[in-house]
Amino acid sequence: MEKLSLNNELSKNSYPGRGIVIGRTADGKKAVSAYFIMGRSENSRNRVFVEDGEGIRTQAFDPSKLTDPSLIIYAPVRVLNNSTIVTNGDQTDTIYDLMKEGKTFEQSLRTREFEPDGPNYTPRISGIMNIEDGNYDFCMSILKSNNGDPDCCNRYTFSYDNPKAGEGRFIHTYMGDGNPLPSFEGEPELVEIDGDIDSFTDMIWNSLNEDNKVSLFVRFINIEDGSYETRIVNKNK
């Protein structure tokens, strides 16, 4: 699989929707995660990321303009022991709660499916990073309708052991803009991970479409001791 430039992939796509990047820094020392949200409607654009414990949540920037919170207000990032969960919806809580009960990442997501927002039927994309005793692996998942048919949910899980330094995987909800919006297809894209947390954050934010971008979360986790740094960027200030 060809390694792609994340900058190029974001710059050429005016509406990838929501996206998750997970990988490893070029020096091999840190696990990398990024999550961004975009929006076309006023309701979708009226959001910010805020810290919530070790994770984050979305909240309305202007509460008076919030119309339907059901698919836009959620916790994209939560931490359970040595695992960091990153998703594009309230399935973050599903994964967190069921893994606490002993279920796996994949088993937890079998209780969910794509979002009920026909005709788009937005895929639910999820990732989990596991870091323990200097070891690192991650998984990514997508739950999507069967080519727009809501009667069938297609479920795909991708697992990556001992991720290679300087590489990451990128999964997003849409292939691009459209009506209805075309769901992501294929395996998470292989992308280059480069730079420190600030340059990486700036690269992603500056590559996203200026009109549609809303918020960005980036976290670098030290694989040896689990300490981390986080960056949050919100268009609404």
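Asn 162 is found in the loop between strands S9 and S10; helices (H or I, at least four residues) and strands (E, at least two) are DSSP runs, numbered from the N terminus. Asn 162 is exposed, with a relative accessible area of 58%, where exposed means over 50%, buried under 20% and partly exposed in between (1.4 Å probe, protein chains only). Although Asn 162 is not a glycine, its phi is positive, at about 45°. This is a predicted model, in which local features need pLDDT of at least 70 and side-chain atom pairs count only at pLDDT 80 or more, while totals for chains, interfaces and linings use all residues. Residues are numbered from 1 along each chain as its sequence is written, and side-chain values use heavy atoms, with hydrogens and water left out.

The view can now widen to the whole chain. Its secondary structure comes to five helices and 13 strands. The C-alpha atoms fill a box of roughly 45 × 35 × 35 Å along the principal axes. For 237 residues, a compact globule would have a radius of gyration near 18 Å, and the 16 Å of the protein chain agrees with that; the radius is taken over C-alpha atoms, and the globule rule is 2.2 Å times the number of residues to the power 0.38. Buried residues make up 53% of the 237. Contact means heavy atoms within 4.5 Å, and among contacts with a separation of 6 or more, 57% are between residues 24 or more positions apart.

Six strands form an open sheet in the order S11-S10-S1-S2-S12-S13, with antiparallel pairing. Strand S11 (189–192) and strand S13 (228–234) stand at the edges with a single partner strand each, so one side of each has no neighbour in the sheet. On average, neighbouring strands of this sheet are turned by 15° against each other, direction ignored. Two strands count as paired if DSSP finds at least two bridges between them. Strand S1 (residues 19–24) and strand S10 (residues 167–172) run antiparallel and are joined by five bridges; Ile 22 has Arg 169 in S10 as its bridge partner. Helix H5 (residues 197–207) packs on the sheet and touches S1, strand S2 (30–38), strand S12 (213–222) and S13. The direction of H5 makes about 155° with that of S12, the axes being lines fitted to C-alpha atoms, for helices over the stretch in contact, and angles running from 0 to 180 degrees between N-to-C directions.

Seven of its nine residues are buried, so S7 is largely enclosed by the rest of the structure. Strand S6 (residues 83–87) runs antiparallel to S7, with five bridges between them, and Ile 85 stands opposite Ile 128 in S7. S7 also pairs with strand S8 (residues 135–146), in the antiparallel sense over nine bridges. S7 and S8 form a hairpin with two residues between them, and Asp 133 in the turn has a positive phi of about 55°. Glu 132 has Asn 135 in S8 as its bridge partner.

A nonpolar core is a set of buried Ala, Val, Leu, Ile, Met, Phe, Trp, Tyr and Cys residues joined through side-chain atoms within 4.5 Å. The largest such core has 25 residues, and Ile 20, Tyr 35 and Tyr 136 have the most contacts inside it. S1, S2, S7, S8, strand S9 (149–161) and S12 each supply at least two residues of this core, and S8 gives the most, with four. Leaving aside neighbours within four places in sequence, Tyr 136 is in contact with residues including Ile 22, Met 129, Asn 162 and Ile 223. A second, separate core of 22 residues includes Ala 34, Phe 36, Val 191 and Ile 204.

Two loops remain. The loop between helix H4 (105–109) and S7 holds Asp 117, Pro 119 and Tyr 121. Asp 117 and Leu 71 are 46 residues apart in sequence and 8.8 Å apart in space, C-alpha to C-alpha. The peptide bond from Gly 118 to Pro 119 is cis, with omega near 5°. Tyr 121 has a positive phi near 45° and counts as buried at 19% relative accessibility.

The loop between S10 and S11 holds Pro 180 and Ser 183. A cis peptide bond joins Asn 179 and Pro 180, with omega about 0°. Ser 183 counts as buried at 15% relative accessibility. Leaving aside neighbours within four places in sequence, the contacts of Ser 183 include Tyr 121, Lys 144 and Tyr 174.
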